[in-house]
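The sequence and coordinates come first.

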Amino acid sequence: MLHYPVPVKLAPSILACDFTRLGEEIEAVAAAEYLHVDVMDGLFVPNISFGLPILAAAKRAAPPEQLIDVHLMIERPERYLADFAEAGADSLTVHVEATPHLHRAVQMTKALGKRSGVVVNPGTALETLRPVLGDVDLILIMSVNPGFGGQQFLPETLGRVRTVRDWLDEIGSVAELQVDGGVSASNAGALRDAGASVLVAGSSVFGAGGAAAGLAQLRAALTQGRA
Ligand code: DX5
Ligand code: ZN
C-alpha cells in the first residue's frame with residue numbers, strides 16, 4: 001500500500017477561525033502542511049463564506065512553505081480558476097457536481113501551474129471520479145454535506161476512503177486523498193487507517209482551547225496506534 005506509513009498531513013480550515021484575528025489564527029497553525037480555504041457561493045451550497053480578498057490575506061499570513069488549499073464550493077468553478085490562482089491558491093479543488101466540464105477544469109488548473117483537486121459530496125457516486133483519477137493531484141471525499149462547519153462526521157466515509165485508496169494504489173497514483181468535515185481526534189486514526197493522506201479540520205482545530213493546541217491534539221491522535 002502506497003499510503004502506509006506516509007505521515008498524514010493536516011489542513012486546518014480557516015472557515016472556523018476568528019476572522020477578527022485572521023493573521024494570528026493562521027500563525028497558530030503554521031506547523032500544518034496545508035491551509036484549507038473554503039469558498040462558498042450561496043448557490044452550490046446554501047451558505048456564503050468569503051472569496052478572493054480573504055484568500056489573498058491568508059496567503060500573505062501563511063508561511064511560504066504551507067500549501068494553500070482552496071476548496072471551491074461554487075457553481076461552474078472554471079469561471080474563477082485563474083482568479084483564485086492569481087490570488088494565492090497553490091491547489092484548486094472543484095466539485096464533480098458543480099460543472100459538466102470536470103475534465104476541462106482539471107486541465108485549466110494544471111495549465112495555470114497549480115495542483116488540481118476534485119471532490120465528491122456524500123451522496124455522489126465515487127465512479128464520477130474515475131475519468132480524472134489519473135490526472136489529478138488530490139481527491140477530496142466529503143464526510144459531511146458541504147456548506148457549514150461543525151457538522152457530524154458521516155461514518156460511511158471510511159468505506160469510501162478505502163475504495164478510493166484502492167483505486168489510487170491500483171494505478172500507482174501518488175495523489176493525496178483528503179477528507180473534509182467533522183474530522184477530530186476521535187476519527188483521525190480510523191481515517192488514516194482507511195488510507196487518507198490529508199485531513200481537513202475546522203472546529204476541532206479553531207474551537208475552544210486555541211488553534212495551536214487543537215492542531216497538536218489532532219497530530220497526537222494520529223501518532224497513537226502506529227507501529
Ligand atoms: C464544509 C467545509 C469544511 C469545513 C469543515 O463545507 O468544506 O472545510 O470548514 O469544518 P469542520 O471541521 O468543523 O467540520
Ligand atoms: Zn472544505
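By about how many helical turns are R165 and D169 separated in helix α5 (residues 157–170)? The separation is about one turn, because R165 and D169 are 4 residues apart in that helix. The model described here is a predicted one.

## Overall fold

The chain contains 8 helices and 8 strands. Its radius of gyration is 16 Å, close to the 17 Å given by the globule rule for 227 residues, so the chain is as compact as a globular protein of that length. The C-alpha trace spans about 40 × 40 × 30 Å along its principal axes.

Of the 227 residues, 52% count as buried. Among contacts with a separation of 6 or more, 64% come from residues 24 or more positions apart.

## Zinc site

Which residues coordinate the zinc ion (ligand 2)? The donors are H36 through NE2, D38 through OD, H71 through ND1 and D180 through OD, at 2.0 to 2.3 Å. The site has 6 donor atoms, with angles of 71 to 172° among them, and is octahedral. For six octahedral donors, the ideal angles are 90 or 180 degrees. Along the sequence, the spacing of the donor residues reads H-x1-D-x32-H-x108-D. H36 and D38 are both buried.

D180 is placed in strand β7 (residues 176–180). Leaving aside residues up to four places away in sequence, D180 touches H36, D38 and H71, as well as L140, I141, M142, S143, V144 and V200.

What is the nearest side chain of opposite charge to D180, and how far away is it? It is R160, 13 Å away.

## Salt bridges

The structure holds 10 salt bridges. One of them joins the side chains of R165 and D169, with an N to O distance of 3.2 Å. Both R165 and D169 are buried.

R21 and E24 form another salt bridge, with the closest N and O atoms 3.1 Å apart. R21 counts as partly exposed at 33% relative accessibility, and E24 counts as partly exposed at 49%. This pair belongs to a network of salt bridges that links D18, R21, E24 and E25.

A further salt bridge is formed by R130 and E127, where the closest N and O atoms are 3.6 Å apart. R130 is partly exposed, with a relative accessible area of 38%. E127 is also partly exposed, at 47% relative accessibility.

I139 lies in strand β6 (residues 138–142). Is I139 buried or exposed? I139 is buried, because its relative accessible area is 0%, and the cut-off for buried is under 20%. Not counting residues up to four places away in sequence, I139 touches V118, L129, L133, V164, L168, E176, L177 and Q178. Of these contacts, E176, L177 and Q178 fall in strand β7 (residues 176–180). L10 is 129 residues from I139 in sequence, and the two C-alpha atoms are 15 Å apart.

V205 sits in helix α7 (residues 203–206). V205 is buried, with a relative accessible area of 1%. With residues up to four places away in sequence left out, V205 touches P12, V29, G210, A211, G214, L215 and L218. E86 is 119 residues from V205 along the chain, and their C-alpha atoms are separated by 28 Å.

R76 is found in the loop between β3 (67–73) and α3 (81–87). With a relative accessible area of 39%, R76 is partly exposed.

Notes: Residues are numbered from 1 along each chain as its sequence is written. Chains are lettered from A and ligands numbered from 1 in the order in which they are written. This is a predicted model: local features need pLDDT of at least 70, side-chain atom pairs count only at pLDDT 80 or more; totals for chains, interfaces and linings use all residues. Side-chain values use heavy atoms; hydrogens and water are left out. Helices (H or I, at least four residues) and strands (E, at least two) are DSSP runs, numbered from the N terminus. Buried means under 20% relative accessible area, exposed over 50%, partly exposed in between (1.4 Å probe, protein chains only). Lys and Arg count as positive and Asp and Glu as negative; His and the chain ends are not counted. A salt bridge is a side-chain nitrogen of Lys or Arg within 4 Å of a carboxyl oxygen of Asp or Glu. Contact means heavy atoms within 4.5 Å. Donors are N, O and S atoms within 2.8 Å of the metal (3.2 Å for Na, K and Ca); water is not among the atoms, so sites may look incomplete. Four donors count as tetrahedral if all angles lie between 85 and 135 degrees; four count as square planar and six as octahedral if opposite donors are over 155 degrees apart and all others between 65 and 115; anything else is irregular. The radius of gyration is taken over C-alpha atoms; the globule rule is 2.2 Å times the number of residues to the power 0.38.
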